[in-house]
Amino acid sequence: MLDLPSSAPSRDGLAIGFDLDLTLADTRAGISAVYAALAAETGVPIDTGQVVRRIGPPLEEELAYWFPPERVPAMAARYRAIYADVAVPATVLMPGAAAALEAVRARGGRVVVVSGKNQADTERTVRFLGLAADAVVGGLFGADKGAALREHGAGAYIGDHTGDVDAARAASAVAVAVATGAFDSAALSAYGADVVLPDLLAFPGWLGGFGAG
């Protein structure tokens, strides 16, 4: 886990957790490029459009759609070996991401990024995008994120996947979903998200009322 210096101490103990892929970071072009490289190297046809529509779960789950089980570990290792050079430079901020983190800091709060992406590439992506995070934790998906969120005292967790709702539940945090990934607003609401926003552009307005009263 990477801990980055906080710009200001929290006045009220506020800490907000954020998912990375398709919440703070638009990794679609980068991930597509890595899978295209794997396809070129192996000769295995990979529909990168399908890949990016499923971003969220662990890497090995996606690789299992394209490679037999015995090849998945080697393909995962190769994916991670080229990710930094191929995917990170192609990654951009999701709309509203910078302002969302600034809104947390304006309240004296802490930003905690918890991602399913492996630790090294999570840290690389956060640094590349210049995201001001106090703590960065990678390699966790779904309810497994709960321990990291509890450790950092996150009162809410913001993500685009139903697995991120599970993460918030596991941490006894407010589940805030953004409809910027594989699931639309209706699906996220039906799954049980406490709050559903169209994207992070709406987040500062929601945060203004969080914990009020």
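1. Contact here means heavy atoms within 4.5 Å. Helices (H or I, at least four residues) and strands (E, at least two) are DSSP runs, numbered from the N terminus. This is a predicted model: local features need pLDDT of at least 70, side-chain atom pairs count only at pLDDT 80 or more, and totals for chains, interfaces and linings use all residues. Residues are numbered from 1 along each chain as its sequence is written, and side-chain values use heavy atoms, with hydrogens and water left out.

2. Seven named residues of H1 are of interest: Gly30, Ile31, Ser32, Val34, Tyr35, Leu38 and Ala39 are buried (under 20% relative accessible area, 1.4 Å probe, protein chains only). Their cover includes helix H2 (48-53), helix H3 (59-63) and helix H4 (72-86). Just after H1, glycine 43 has a positive phi of about 80 degrees.

3. The domain assignment, automatic or from a database, gives domain 1 (15-26 + 92-209) and domain 2 (27-90). Each domain puts 15 residues into the contact.

4. Between them, domain 1 and domain 2 bury about 1,300 Å², 58% of it on carbon and sulfur atoms. Buried area is the accessible area (1.4 Å probe) that two parts lose on being put together, summed over both.

5. The count between the domains is 1 salt bridge (a side-chain nitrogen of Lys or Arg within 4 Å of a carboxyl oxygen of Asp or Glu). Aspartate 26 forms a salt bridge with arginine 28, with the closest N and O atoms 2.8 Å apart. On the side of domain 1 that touches domain 2, H6 gives the largest share, 4 residues.

Conventions: Buried means under 20% relative accessible area, exposed over 50%, partly exposed in between (1.4 Å probe, protein chains only).
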